[in-house]
Amino acid sequence: MTKTTEATAIIAALRGGLVPSRGLEHFATGLSALQGAVNQELDFVASGQGLSKWLRGEYGAGKTFAARYLCARARARGFATAEVQISINDTPLHRLETVYRRLMERLETAADGAGALRAVVEGWLFQTGEEVTRLRGLTEDDPGFAAATEERLKDKLSELSKRNGAFAQVLRRYHQALHEGDLATAQGLLAWLAGQPFTDRSVLKKAELRGAVDGQAALAFLAGVLQLLRQSGFEGLVVVLDEVETIQRMNAQTREKSLNALRQLMDMLAKEELPGLYLIVTGTRDFYEGYKGLRGARSEEHT
């Protein structure tokens with residue numbers, strides 16, 4: 001993108017009352033203290049830990065701008081990022097399978113831009129082949145290269161297989177489909193891995209899979225993505241859950257389910273089950289202090 005094109009895109013976004021997707025560093029002010037604190041926390045996450053950052057501000061205070069700017073800075077230092085805007089209909093917080101799907105759709109890296117899941121997976125597979133060449137002295141032209149690569153894949157996925165067999169199985173089947181030139185199956189498997197709900201049954205049958213990634217499995221699949229990113233040389237993953245105050249407009253039952261989704265994420269971070277995740281949550285003061293937000297959740301815990 002040229003400077004002129006970037007400037008035009010920035011102006012167009014600002015005229016529409018939107019946060020630009022690129023070029024925030026050109027007019028970001030007042031964020032140096034926040035950036036310094038986040039840099040220290042990203043160092044901690046890069047060491048294999050999980051952490052959360054909660055940003056509070058009123059409507060129009062710049063929460064989305066700050067979160068997007070932090071994501072851009074994180075990508076520059078080797079993190080993947082994903083911004084998920086919470087909404088009542090499109091991406092409700094209590095439906096973790098939908099949140100996971102949006103996260104995969106918006107996965108972004110410095111090298112590959114947005115929609116980077118395929119590039120990450122194929123980069124991971126390429127790196128696996130390079131390891132076979134380095135460790136076994138085999139090249140793609142050698143008869144045993146494919147079998148040696150499959151063996152190496154099993155080794156790299158052994159830990160993941162214990163916790164999330166379906167995730168590891170899809171990666172192996174994806175590799176096999178690419179090797180066999182079956183691009184339709186490979187594409188279907190990648191879509192299933194990304195949480196897309198409608199995958200051709202023939203694809204699922206070939207991979208010995210059933211159903212779709214549901215809410216119970218979504219966080220386990222997120223853990224799988226984190227491991228994939230770390231094995232691919234990324235420092236970790238920054239995930240933004242933006243405008244979580246939206247849950248205050250939901251009925252009591254749905255609101256409680258949404259707060260429970262946040263509890264699940266915090267519990268997994270506390271138990272070190274999401275290493276490499278830096279979770280940024282943005283919300284208004286009412287969300288943090290009101291009875292339809294976190295204060296209400298705390299009150300329920302003590303009743």
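User: By class, how many nonpolar, polar and charged residues does the lining of the second largest pocket have?

Analyst: The model is predicted, so local features require pLDDT of at least 70 and side-chain atom pairs pLDDT 80 or more, while totals for chains, interfaces and linings use all residues. Residues are numbered from 1 along each chain as its sequence is written, and side-chain values use heavy atoms, without hydrogens or water. In the lining of the second largest pocket, six residues are nonpolar, six polar and four charged (Asp, Glu, Lys and Arg are charged; Ala, Val, Leu, Ile, Met, Phe, Trp, Tyr, Cys and Pro nonpolar; the others, including Gly, polar).

User: What volume does the second largest pocket have, and which residues lie closest to its centre?

Analyst: A pocket is an open set of points on a 1 Å grid over the protein atoms alone, where a 1.4 Å probe fits, with protein on both sides within 12 Å along at least five of seven lines; lining residues have an atom within 4 Å of a point. Its volume is the space filled by probe spheres on the points. The second largest pocket has about 360 Å³. Its lining comprises 16 residues, and L125, G129, E140, F145 and H175 are the closest to the centre.

User: Which elements supply the lining of the largest pocket?

Analyst: The largest pocket holds about 450 Å³ of space. It is lined by 22 residues, of which T64, R68, Q85, D242 and E243 are the closest to its centre. At least two lining residues come from each of α3 (63–76), β2 (79–85) and β5 (236–242), and α3 contributes the largest share, four residues. By class, this lining has nine nonpolar, six polar and seven charged residues.

User: How many aromatic pairs does the structure hold?

Analyst: Phe, Tyr and Trp rings (six-membered ring for Trp) pair if their centres lie within 6.5 Å; planes under 30 degrees apart are stacked, over 60 edge-to-face, and the rest tilted. The structure holds five such pairs. One of them joins W54 and Y288 edge-to-face, at 6.2 Å centre to centre and 75° between the planes. W54 is in strand β1 (residues 51–56) and Y288 in helix α12 (residues 285–289), so the pair ties together parts 234 residues apart in sequence. W54 is partly exposed at 28% relative accessibility, whereas Y288 is buried at 13% (buried is under 20% relative accessible area, exposed over 50%, partly exposed in between, with a 1.4 Å probe and protein chains only).

F167 and F221 form another edge-to-face pair, 5.4 Å centre to centre with 75° between the planes. This pair links helix α7 (residues 165–179), which holds F167, to helix α10 (residues 215–231), which holds F221, across 54 residues. F167 is buried at 0% relative accessibility, and F221 is buried at 3%. Ring pairs also join Y100, F167, W192 and F221 into a cluster.

User: Which residues of α2 are buried?

Analyst: An α-helix has 3.6 residues a turn, so residues three or four places apart point the same way. In α2, the buried residues include Q35, V38, L42 and V45. These four cover an arc of only 75° around the axis, which puts them on the same side of α2 (the arc is that of the directions from the helix axis to the C-beta atoms). The exposed residues A33 and Q40 lie on the face of α2 turned away from its buried side.
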